[in-house]
Structure formats: structure tokens, C-alpha cells
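Please work through the following exercises with the sequence and the model at hand. Each task is followed by a solution in steps.

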Amino acid sequence: MKTDFKFSNLCGTVYRKGNVVFTPDGNSIISPVGNRVTVFDLVNNKSETLPFENKRDIRRLALSPNGNLLLSVDELGQTLLVNFRKRTVLHYFNLKDKVRDIAFSPDGRYFAAALGRNVQVWHSPGYVREFAPFVLHRTYAAHYDDVTSVSWSPDSRFFVTAGKDMVAKVFSVDPIEGFVPATLTGHRHAVVAAWFARDMRAVYTVSADGAVCVRRFRLHGVEENLTFGEFPIVTNASDDEESEEKPRTMWFTETRHYAQQSARVHSAAFNWATNMMVLGFTNGVFGIWEMPDFNLVHTLSISRKQINTIAINPTGEWLAFGAAKLGQLLVWEWQSETYVLKQQGHFYDMSCVAYSGDGQYVATGGDDAKLKVWNALSGFCFITFSEHTSSVTAVQFTKGSQVVLSASLDGTVRAYDLVRYRNFRVFTSPTPVQFTSLAVDPSGEIVCAGCQDSFEIYVWSMQTGKLLDVLSGHEGPISALAFRPDGLSLASSSWDKSVRFWDVFDRTKVVERMEHSHEVLALAYRPDGKELCASTIDGQIHFWDVAKAAPAGSIEGRRDIAGGRSATDRQTAENSAAGKSFTALCYSADGTAVLGGGNSKYVCLYDRRSRILLRKFQVSQNQSLDGVQHKLNSRNMTEAGPRDLIDSDGIDSDSEKHVDRSLPGVRSGDKSNRVLKPEVRTRDVKFAPTGRQWAAASTEGLLIYSLDETLVFDPFELDADVTPDSIRELVRTGDYLRALVNALRLNEQHVIRSVYESVPPKDVALLARAFPAVYVERLLKFIAHVMESSQLLELHLKWVSELLTTHGSFVKTRSVALQPVLRMLQRNVVRLHQDIGSVCDKNYYALGYLLRQSKHVAEAQEEGDGDVDMHQVFADFSDDGE
């Protein structure tokens with residue numbers, strides 16, 4: 001089994017905090033998700049998480065106008081310079097203060113960063129050959145309170161800043177003759193944002209109370225407005241000599257408008273192309289106004305919490321909104337009033353995860369009582385079920401992947417139809433209990449759930465929804481359930497230090513019991529059903545031979561799973577007993593490895609046969625989470641507690657937290673107000689049925705790790721005669737069978753693909769009959785991989801059909817080993833079928849018209865008449881449609 005898994009995508013979380021940014025083409029949006037950056041392609045409907053991490057949660061993002069450079073700034077000012085097109089980190093830099101805003105100039109030569117009360121302007125890397133990537137141009141210090149935003153002028157010569165001191169200031173990048181930095185006053189609350197108009201004849205400022213001011217630039221004592229940036233020189237002619245003097249210029253408030261909303265303004269954005277101003281309020285409402293007349297276009301409520309960030313694409317058609325409180329990311333097309341993107345992650349932690357049988361879908365359950373189903377390929381959530389009233393603790397797909405079941409602490413197990421997207425079954429117990437585990441037999445007819453209070457297992461029928469049996473015997477909470485792959489028995493683990501085997505179809509059989517020395521937390525069956533593994537609270541993984549009911553070995557994983565030290569821990573990470581056990585186990589698709597996760601930052605992959613650790617994955621390096629660091633700095637400990645838990649400047653504070661909800665007469669305030677860091681942990685892990693990826697439900701979201709396909713050289717039965725040149729010569733001479741076999745032996749992907757695509761479709765049947773059986777698995781795996789990106793659909797289907805028909809007996813004898821490959825093929829074929837079916841359905845009438853037109857053209861040519869009556873074509877097609 002290959003172990004070169006690497007992080008590939010982050011699902012389940014779409015936005016945490018910070019600002020969102022559109023790409024220059026306006027087709028993608030960049031969103032900060034914790035300490036990672038996710039790119040959502042709005043045209044191709046895909047998401048991608050960039051392969052780098054900041055040290056802490058990202059606060060601000062900035063993308064250069066040409067789309068080449070991305071600046072990612074975390075909470076403490078640590079900055080990453082990223083080549084956005086190559087997805088690589090170029091440089092690490094520390095701005096040494098908390099950054100409230102950062103923006104590139106329109107020409108891309110500078111970027112400005114708001115650091116406390118100051119603004120620093122830096123040279124953008126790459127325009128001038130310099131030794132250091134970051135060169136400070138100048139520091140501007142003029143505000144009396146923190147700067148909230150920075151905005152550039154269209155000509156990149158000036159920028160305007162807004163601050164909490166209720167003023168906006170205009171600065172120049174370089175000294176300009178006749179220019180004096182200006183201070184724009186008149187607001188009664190903190191200024192949220194300020195922008196230049198496209199023609200630079202006005203500056204718009206907006207404050208937290210909804211006041212919008214239009215500022216104009218003119219000569220002192222002259223009624224005519226000037227274009228900012230042009231400073232006239234007046235010549236005075238005296239008797240003796242001529243002298244030039246600078247006339248006095250001034251900014252004045254031309255008009256003042258108010259957004260009539262009951263809430264405060266929390267975020268704002270302005271677009272030069274459409275002269276639109278968008279304001280986001282703390283009650284989840286946003287409004288669009290046309291400037292400079294402040295004409296209301298429309299308002300809409302899109303969230304129940306405040307809107308933290310707003311972005312407008314360059315053409316002004318799409319508006320992006322982020323709500324950190326609910327983890328929402330929305331893209332709204334304001335002209336047609338439709339959603340382009342509407343995604344929301346789990347409000348609280350993600351507790352469980354499950355793959356569908358074909359690996360195409362991933363279902364997740366969370367502590368927010370919601371069940372979400374994600375597309376594993378695109379990374380988007382396409383359906384959310386919210387019928388549960390308490391935390392979802394377990395999720396399971398049926399074999400056909402058309403039904404997903406979930407167990408919850410509200411005492412119900414619900415079955416959802418993924419075809420009609422509805423809850424069609426609700427399984428309950430005679431007395432209220434809390435379900436913590438779930439299992440479905442391979443046929444999908446029997447549903448079992450274990451509870452944590454009455455220590456019983458309930459068995460229902462899927463078809464009738466009736467309770468069939470109650471399995472009693474455990475003396476502690478049920479921690480996990482699993483059906484054997486053949487469906488003959490049910491295994492259950494409990495805190496009573498035992499694993500039991502039940503025959504749900506024949507209760508006369510004796511219940512087998514496997515004793516452990518400590519409480520059992522998780523269990524999993526090997527895909528062939530001959531072995532079972534169980535983890536205990538002392539950090540060990542025990543293996544059992546199912547047929548003999550005897551132990552087959554164990555793994556001491558206590559040191560492997562041990563995580564970091566919490567900020568409030570009195571003991572070091574080595575001496576702490578917390579988090580040193582596996583709470584989730586899963587076998588790989590071929591049964592050769594075991595994956596385990598727990599309440600730590602690590603996920604461990606073990607070899608089943610040799611019982612050794614193959615790899616240890618760290619799910620997050622985000623220091624904003626608790627338990628990531630092994631050692632803590634004693635200088636960060638204060639009299640009031642750890643420094644990380646104190647929001648000293650209020651930059652991340654919420655206005656709701658400052659509301660005093662204490663009872664009348666209480667003098668010391670609300671004792672329940674506190675800041676807590678979430679703890680890094682992995683609640684569940686699952687291997688995909690294809691065996692090429694696995695998912696972990698962690699504090700950061702749903703982390704998906706896939707096999708690294710960038711291996712340079714991995715030959716198979718190679719000899720000196722097999723070279724790329726010899727393979728090309730065989731293709732040129734038409735010896736496709738030898739060329740394809742040699743390409744598989746060389747195992748260079750581009751060589752295999754060139755030979756594979758050069759085979760004529762009419763020769764596929766003959767080549768498949770003579771194809772060696774030892775290479776069938778490799779060829780099927782290659783076809784399954786290339787189907788995701790290639791458009792040669794007929795060639796792929798012919799190869800798959802002929803190989804499975806000709807080598808059916810070989811595939812059947814190696815069904816266990818080939819199961820991941822066959823599932824991957826099934827997933828891709830189903831996806832292609834759905835895509836082609838959708839295109840055909842949407843273009844049904846156009847295809848019918850083209851077919852009918854070609855028919856009439858052919859008839860006209862046969863009759864010798866080149867003219868075609870189009871009215872007759874439409875009439876015939878309408879008759880056929882009816």
C-alpha cells in the first residue's frame with residue numbers, strides 16, 4: 001500500500017474570519033479558513049485549498065492586480081508572500097504588529113498595511129531588482145486611534161485611510177508639489193471605510209452609524225470643483241517681477257446621507273466600475289447604493305449574524321459576503337437577485353464523517369445538530385439536513401449510497417433519501433435515550449444504534465421503521481458498532497472493557513465476549529471480515545482473529561498519538577494523560593493498514609501485518625488552536641491568565657460580548673464572559689472506498705488527504721530495452737500492445753497516456769483479448785485516474801468494457817485487491833453519466849432542432865433542391881416534441 005498521502009482539500013469550513021478577495025478575472029473568490037486559504041472557482045464549481053499554512057488564523061488577504069502575488073497575514077502580523085498561480089510560498093516576513101487592513105495599489109508597485117495607528121507603504125516584490133523581497137517605502141503616522149481601512153486612488157499616487165478617531169486622512173505616496181495631507185472630519189462614530197471616486201473628483205467616507213459623506217476638492221473661495229491630484233499654480237504679475245504661488249485648496253462635505261437601518265455598519269465595499277457602495281450591517285442585512293447620489297438599489301437580509309466582510313468582483317456583478325459567527329460564505333448576483341454561491345460550514349465542531357460506497361459523496365455530522373453531504377470532487381456541500389435537535393454523533397451510508405443515516409443525542413436515528421432529499425424514516429426507542437453509535441448491515445435492511453445511558457443496542461427494520469429487538473448485556477456506554485462485511489454478525493464495544501459479537505438474526509446463539517484490560521473507545525472490521533481491531537483508553541490498538549475469537553496482536557500507540565500542551569495545563573505534554581488514546585479507527589480499502597485519530601493533533605497510519613508506524617500526519621499547525629505546541633513560553637503567562645486568551649486591543653471582539661447581561665445588583669460584571677481557544681483534535685477518520693484518499697473530521701473542518709501523484713519514477717518489471725524512445729517507435733510502427741505493456745512497465749504517466757490515446761478505438765477489443773492479466777490492475781487504475789481529466793469517453797468505456805469482459809475471471813479472483821480500483825471506476829462513470837445527462841437535458845430542443853435540420857438538408861440534397869424551409873423544420877420538431 002502506498003503511504004505518500006498529502007493534504008489536498010479542506011471541506012466543511014468555508015470562512016472563519018478576515019476578508020475575502022476576488023481574483024482579477026472575477027471568476028474565483030479567495031477565502032481565509034483558519035490558517036489556510038481556500039479558492040472557490042465559481043464558474044467550474046470547484047474548491048481548492050492552497051498547500052500552505054500560516055502560523056495562526058489569517059486576518060487579512062491581499063491579491064496583486066495581475067493575480068500573481070498573494071499576501072496572507074495572520075493575527076500577529078506574520079506574512080506569507082505566495083506565488084498565487086504556482087501555489088508556492090516565496091517568502092516569510094513579520095510586520096511586527098496586528099494588521100487591520102492591507103491593500104495593493106492599482107498599478108501593483110506598492111502595498112499599504114494598516115498597523116495600529118500607523119500606515120506602512122512597502123514596495124511590491126518583483127518590480128525592482130532588490131536584495132530583500134520587502135522594502136519599506138515610508139511610514140505614515142497621523143491618526144490618534146487605530147486605522148480601520150486603507151484604499152488607493154486609481155492612479156496609485158494617493159491613498160485614503162479611515163480610523164477609529166472618526167476621521168479620514170489623504171496621503172501621497174511620494175512628495176508632490178502643492179499637496180498637503182488632508183484630514184476629513186465630520187463623523188460622529190468610527191469611520192469604517194473611505195474610497196476615492198473613479199474620476200478622483202470625490203472621496204466617499206462611511207461611519208459605523210450609517211452616515212455616508214461625499215467630499216469634494218476645490219480651491220479656497222472658488223465654487224468650481226477640481227479633480228484631485230491637479231494642483232494649479234497661480235502667477236502674480238507685479239511691477240518688478242512675476243512670482244508663482246500655491247493657491248489654497250480644501251476638502252469640503254458636499255452632501256451627507258444616512259443608511260436608514262436600525263443596526264450599525266460593520267463592513268463596506270465600493271466598486272469603481274459601477275459606482276456602487278455596499279454596506280453590511282450587524283443584523284445580517286446588506287444594502288446597495290449608487291453613488292454619488294446615494295440612490296438605494298436594494299437591501300436584503302442574508303444572515304442572522306453580522307456581516308464581517310464584503311467584496312465586489314471587478315465588473316461589479318457579483319457581491320461576496322462572509323459571516324464569521326455562522327461560518328457563511330455567500331456570493332450574490334445583484335442584477336438577477338440570485339445566489340452564485342451559498343455555503344455554510346458546521347457552526348460547532350464536526351463530530352463524524354462517512355464516505356458513500358462509490359466515494360463520490362462525503363457526509364458529515366456536527367455538534368450543531370446538522371447533517372451535511374459534500375461532493376468529494378468539488379468540495380461543495382449540496383444538501384443540509386437540520387431535522388435533529390441535538391448533536392449528531394454518527395453517520396453511515398447504505399450500500400447503494402442512496403440513503404444516509406444519522407444518530408443523534410436527541411434520541412432519534414434518521415434516514416434521508418439522497419434522491420428526493422427528504423427524511424423518510426425516524427427510528428426511536430421506547431424510552432428516551434442518547435445514541436452515540438450507528439451501524440447498518442450490508443443489505444441496508446437492518447439499522448442498529450447504541451446508546452450511552454441505558455447501555456443497550458436497538459435494532460430496527462429499514463422498510464417498516466419498527467423496533468425489532470433490544471440487545472442488552474453491556475455494563476457501560478456503547479462506544480462503537482460495526483457490522484461484519486458479510487453481514488452475519490454485529491460487533492459492539494463499550495466502556496465495560498469488552499467487545500461483544502451479536503447475531504441479530506438468530507438470538508439463540510451465544511454472545512461472544514472479548515475482554516480488554518481498559519475501556520474500549522473504537523473498533524473497526526477489516527474489509528474481508530476476518531479481523532477486527534479495537535482501541536482502548538490506555539492508547540493500545542488490539543487485533544482479534546474473528547474466526548478463532550483470539551487476540552492476533554496489539555500496537556502500543558500511546559506515544560504516537562500524544563499531542564501538545566494546552567494553554568491552561570499545569571503539566572507538560574509528556575506528563576499529561578489527556579489525549580493519549582485513539583477515539584476513531586479505520587482500515588484502509590485493501591485492509592493492509594489501520595488509520596487512527598484521537599484528541600490530539602496527530603493521525604497515525606500503521607501497517608497491520610508488521611504493527612509498525614508507517615506515517616504520522618499533523619492535521620494542523622495553527623497556533624490559534626489549543627494543544628498544537630509541545631512547549632509553552634512562560635513569558636506569555638500573566639496574572640490574568642495566558643496572554644493568548646486576552647483580547648487586549650479588541651480587534652477580534654464581538655459587540656455582543658461587551659453587552660452586560662449580569663443580574664441587577666451585581667457589581668463585578670458578567671463572570672461568564674471569557675475568551676477560549678478551541679482545542680485541536682480529530683473526532684473521526686475514514687478511508688475512501690477507492691483507497692486513494694482519507695478524511696479526518698477535525699477542529700479545522702473536514703481535512704482530505706490524497707495520494708501524491710507527483711512521483712517521478714516507479715517502474716514495474718523494467719529492463720534495459722524499455723525506454724521512452726523505444727515505446728514511441730513501437731507506436732509509430734503500429735505495435736500498440738507491446739507499446740502499452742512497455743509503457744506500464746516504465747510507469748511514466750505521460751508516456752502511458754500518449755500510448756493509450758494513440759490506440760484506435762476499433763482495435764481495443766483485439767488488444768484487450770491479448771493483454772497480459774498481470775497488467776490489468778495497473779491499466780484499470782490508470783483509466784480510472786485519467787477519466788477525471790480526459791474527454792475521450794468512448795475510448796475509456798471501450799477499454800473498461802473489454803477488459804472486464806475478457807479478464808472477468810481474473811478480476812473475480814482478485815476482487816478484494818481490485819475493489820478500490822473498481823469503485824473509483826464506478827464513481828467516474830457515474831459522474832460522467834450525470835454530467836452528460838445534464839447537458840443533454842438542458843440542450844434537448846437545440847439537439848432536436850439540429851437533428852431535424854440535418855435531416856431536411858439531406859432530403860433537400862437528394863431531391864436536388866438546396867433550399868430548406870425553416871418554418872417546416874420548426875413545425876416538424878414541434879410535432880415530435882408533442
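The exercises below concern a predicted model.

**Exercise 1. Decide whether Cys-11 is in a disulfide or in none.**

Solution. A disulfide requires two cysteine sulfur atoms within 2.5 Å. The nearest cysteine sulfur to that of Cys-11 belongs to Cys-381, 9.8 Å away, and Cys-11 is in no disulfide. The count for the model is zero disulfides. Cys-11 has 2% relative accessibility and therefore counts as buried.

**Exercise 2. Classify the aromatic pair of Phe-7 and Tyr-705 by its geometry, and locate its two members in the chain.**

Solution. The ring centres are 5.9 Å apart. Planes over 60 degrees apart count as edge-to-face; those of Phe-7 and Tyr-705 are at 75°, so this pair is edge-to-face. Phe-7 lies in strand 1 (residues 5–11) and Tyr-705 in strand 60 (residues 701–707), so the pair ties together parts 698 residues apart in sequence. Both Phe-7 and Tyr-705 are buried.

**Exercise 3. State over which ring the charged end of Arg-87 sits.**

Solution. The charged end of Arg-87 sits over the ring of Phe-84, 4.6 Å from the ring centre. Likewise, the charged end of Lys-616 sits over the ring of Tyr-602, 4.4 Å from its centre.

Definitions and conventions
Residues are numbered from 1 along each chain as its sequence is written. This is a predicted model: local features need pLDDT of at least 70, side-chain atom pairs count only at pLDDT 80 or more; totals for chains, interfaces and linings use all residues. Side-chain values use heavy atoms; hydrogens and water are left out. Buried means under 20% relative accessible area, exposed over 50%, partly exposed in between (1.4 Å probe, protein chains only). Rings of Phe, Tyr and Trp (its six-membered ring) pair if their centres lie within 6.5 Å; planes under 30 degrees apart count as stacked, over 60 as edge-to-face and the rest as tilted. Helices (H or I, at least four residues) and strands (E, at least two) are DSSP runs, numbered from the N terminus. A charge sits over a ring if NZ of Lys or CZ of Arg is within 6 Å of the ring centre and within 35 degrees of the ring normal.
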